[in-house]
Amino acid sequence: MRSRKRYTNATFTKRVDHEAGRHHTPRAPVEPEVCNVCGAVYSDRRWVAAAEVRKGNRKHKHWHPAQAVVCPACQQQKVGIPRGFLYLEGAFLETHRNEVRRLLRNEADRAAEDNPLARIMKWETDESGRLVVSTTTQHLAQRLGHALEKAFSGKVRYDFSHENELARVSWHRD
Ligand SMILES: [Zn+2]
C-alpha cells in the first residue's frame, strides 16, 4: 500500500506554487482534483494517470468528490509549449518508420506510468524530412533518445538549453 498522507494546509500551499499561482482563491484542500481533459487525478501531492486510478491500486480515502481542473500537461498541450524535442533522421527511419514509431509510443506509455505529465505532444515531419517529436518534459525526450539507441543503435546527441528549459535530442541512423 502506498502512503496515505493527510492533506494539510502546507500541502495545499505547495501545490499552488507548483501550478505557478494559477489558483488564487483559497479552496478546501480535502478533495482530489481530476483533469477534465485526460482524467489524470491529483491526489497525495502527485498526479496519477486515469488508467492507474481505474486499476484501483492507488485508492485514496479522499477520492470524492473530485474537483474538475486541467492538469499541467494538458495545459501545456493546449498552449503548445514543449519542453523536449526529438529529431529523427537517416535512411533507417525511411525503411523502419512504423517500428520506430511503435517503440517511441511504447516508451512514452511506460514513462507515463512514472509520470502521467510526461507525454508526446506532436509528431511532425519538418521541411528537411526529419521526424520531429515534441514532448511535455525534457526527461521524456532524453528517455526516448536512450530507447532509440538501445533498440536500433545509431547516433544520439543531447543538447540542453537551461535558459529555456528545453532538451533537444537528435537521433541519426543510416
Ligand atoms: Zn490532463
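Trainee: Which residue in strand 9 stands opposite Gly84?

Mentor: Ala167 is the one facing Gly84. Keep in mind that we are reading a predicted model. As a general idea, strands of a sheet pair through backbone hydrogen bonds, either parallel or antiparallel. Here, strand 5 (residues 84-89) and strand 9 (residues 166-172) run parallel and are joined by 6 bridges.

Trainee: What packs on the sheet there?

Mentor: Helix 5 (residues 97-114) does, touching strand 5, strand 6 and strand 7 (131-135). Its direction makes about 165° with that of strand 6. Helix 6 (residues 138-152) packs on the sheet too, and touches strands 5, 6, 7, 8 and 9. The direction of helix 6 makes about 15° with that of strand 9.

Trainee: In what order do the strands of the open sheet lie?

Mentor: The order is 6-7-5-9-8, 5 strands with mixed pairing. On average, neighbouring strands are turned by 15° against each other, direction ignored.

Trainee: Let's turn to the metal. Which residues coordinate the zinc ion?

Mentor: Cys35, Cys38, Cys71 and Cys74 do, each through SG, at 2.3 Å. Along the sequence, these donor residues follow the spacing C-x2-C-x32-C-x2-C.

Trainee: Why is the arrangement called tetrahedral?

Mentor: Look at the angles: the 4 donor atoms subtend 106 to 113° around the zinc ion, which makes the arrangement tetrahedral.

Trainee: Is Cys35 buried or exposed?

Mentor: Buried means under 20% relative accessible area. Cys35 has 2% relative accessibility, so it counts as buried. Cys38, at 29%, is partly exposed.

Terms used
Residues numbered from 1 in each chain as written. Predicted model: local features only at pLDDT ≥ 70, side-chain atom pairs only at ≥ 80, totals over all residues. Heavy atoms only, no water. Donors = N, O, S within 2.8 Å, 3.2 Å for Na, K, Ca; no water. Tetrahedral: all angles 85-135°; square planar, octahedral: opposite > 155°, others 65-115°. Buried < 20%, exposed > 50% of the residue type's maximum accessible area, 1.4 Å probe, protein only. Pairing = 2+ DSSP bridges. Helix = DSSP H or I, 4+ residues; strand = E, 2+ residues; numbered from the N terminus. Axes fitted to C-alpha atoms, helices over the stretch in contact; angles between N-to-C directions. Contact = heavy atoms within 4.5 Å.
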